[in-house]
Amino acid sequence: FGRCSEMRSAWMEGYSGEPELCANAERELLTAVREWSAHARGDGGQGAVWQLHFSPLGQYLASARRAVVKVWAVAVLQSGERAAETPMRELRLTENDGDVTALVWLPHRAATLALGTSAGALFLFTPRENVAQRDNSAELRVLRSSAQARLVGDGSVWKLVVSDDGRVLIMSTSSGRVSIWHLRVKHEKEEASFEDHSSYVVALAVADDAHWFASGSLDCTVCVYERRPLPHRGHEIARERTLHMSAAVSALAFFSPPSAALATHCSTANCAGNEAEHARVVKKVLFVACKDATVTALCAATGARLYSLANGDISMIGHTRALQIVTRQSPDSIAAFDPPRSAATSAALVLVSTENVVRVYSAENGLFRTALSRVRGILASVQVCSTHCARIVTGGSDKTLRVWDSRSGQCLASWRTQRGSTHDTKITAVAISPLARHIALAREDGSAALLYLKAPATFRSELCAKARHR
């Protein structure tokens, strides 16, 4: 029993115990299920696979390379059949439509993808099984064609984000346009379109209730919009304010603070009024990362500055190129922590910098928590998985996929294909299934791999069993 307790403590502390057993644990936490050539060199032209996403229920995996989109069934990939490497569905866009530049799954829909292209087109793609591969007429819906994009002078689709309920889709373009679409099944329509930016809109964020959303551009501005329901039907969308930042915007993220953190935000922002007004003011927090190495927390309703991470610790690691909120308050959140749901300290902000440093801060007060150790190479993709313990997955130029503990910053597991093999190339994208059962990666040669990630509770019990036998 004592040995079992020691091994459980070693797991919770990031494998700080016996080196031999920790090394074995690192190898056994990740298991390769399948490696295959997802996109061949002659398939859609040469180029790396930068788009890789699991569906909301985790049953499908989608990848995009140039003008080709492929969808695999995860259950089929797990089988030992050679035919499993053939995609369930494949979509090839025409030359007029351009290449796929943005890809996102729609929640609460039967496996539907939203696609944005370099020609400004916007599609909804619903892959279906047991349908002829060349018959895409019943699966593809055109929300905006490339011809319509040229008429309004739009450039390529730069980013796509979707609300948690899957009803609101927001699109940004290289010409500075932001479009909001209401996604009723078979009755999709564009609710509003704004041209408040003079340059590329490189960052988008939408709140969990789809009431607020924001756009950030290279023209150093952030526009905050409010989407209000009308008395009878429909919604009214209006730009609430334009925030002028100190440098070009690189990333945005919304955060809903727990009730325990409301007083902290109000005192920081020097808000005046009764308690109800206090709660309304800090209902949504907007994080803005700029290219001058500053990360600022703003009140979405008033634009008041709550706190900033512009200190020497941040400025030395380069500007933040990605933001991810890690919280346990919402069941649809990106990740979850071990503390109870009532704990105000369970929410964290994960920053990925241009200097390949990943740091975790408290989302409530901006205090530094931890940094990932042993980060090597140039990080191409960083994702946070949804499990009972928050795990961060990274992949990049060192050709190795790593799983990290976001609390201690320690590397829990790593995996790399056989050195010198055909597929031993740089990792360009990683993805985690919603239940954290599988991790997928894509490489610059067009190949992909599917790995099985053991659940923390199951893995801890296996470690304890091995410790007893020793």
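**Notebook: sheet, cores and salt bridges**

I began with a sheet in this predicted model. Four strands form an open sheet, ordered E14-E15-E16-E17, with antiparallel pairing. I looked up its edges: strand E14 (201-206) and strand E17 (235-244) each pair on one side only. Neighbouring strands are turned by 20 degrees against each other on average, direction ignored. E14 and strand E15 (residues 212-217) pair over five bridges. Within that pairing I found Val-201 opposite Ser-217 in E15.

Next, the nonpolar cores. The largest has 38 residues. Val-222, Leu-252, Phe-287, Val-288 and Leu-323 have the most contacts inside it. I followed Leu-323, which touches Phe-287, Val-295 and Leu-349, among others. Apart from this core lies another, of 19 residues, including Val-71 and Leu-103.

Then I turned to charges. The count comes to 17 salt bridges. Arg-443 pairs with Glu-35, the closest N and O atoms being 2.9 Å apart. I noted the reach of this pair: Arg-443 sits in strand E31 (residues 438-443) and Glu-35 in strand E1 (residues 30-36), 408 residues apart. Arg-443 counts as buried because its relative accessibility is 2%, under the 20% cut-off. Glu-35 is partly exposed at 28%.

I checked Arg-89 and Glu-139 too; their closest N and O atoms are 2.7 Å apart in a salt bridge. Arg-89 lies in strand E5 and Glu-139 in the loop between strands E8 and E9, so the pair ties together parts 50 residues apart in sequence. Both Arg-89 and Glu-139 are buried.

My last entry is a network of salt bridges, which links Arg-144, Asp-154, Arg-177 and Glu-195.

Conventions
Residues are numbered from 1 along each chain as its sequence is written. This is a predicted model: local features need pLDDT of at least 70, side-chain atom pairs count only at pLDDT 80 or more; totals for chains, interfaces and linings use all residues. Side-chain values use heavy atoms; hydrogens and water are left out. Two strands pair if DSSP finds at least two bridges between them. Helices (H or I, at least four residues) and strands (E, at least two) are DSSP runs, numbered from the N terminus. Axes are lines fitted to C-alpha atoms, for helices over the stretch in contact, and angles run from 0 to 180 degrees between N-to-C directions. A nonpolar core is a set of buried Ala, Val, Leu, Ile, Met, Phe, Trp, Tyr and Cys residues joined through side-chain atoms within 4.5 Å. Buried means under 20% relative accessible area, exposed over 50%, partly exposed in between (1.4 Å probe, protein chains only). Contact means heavy atoms within 4.5 Å. A salt bridge is a side-chain nitrogen of Lys or Arg within 4 Å of a carboxyl oxygen of Asp or Glu. Lists of a residue's contacts leave out its neighbours within four places in sequence.
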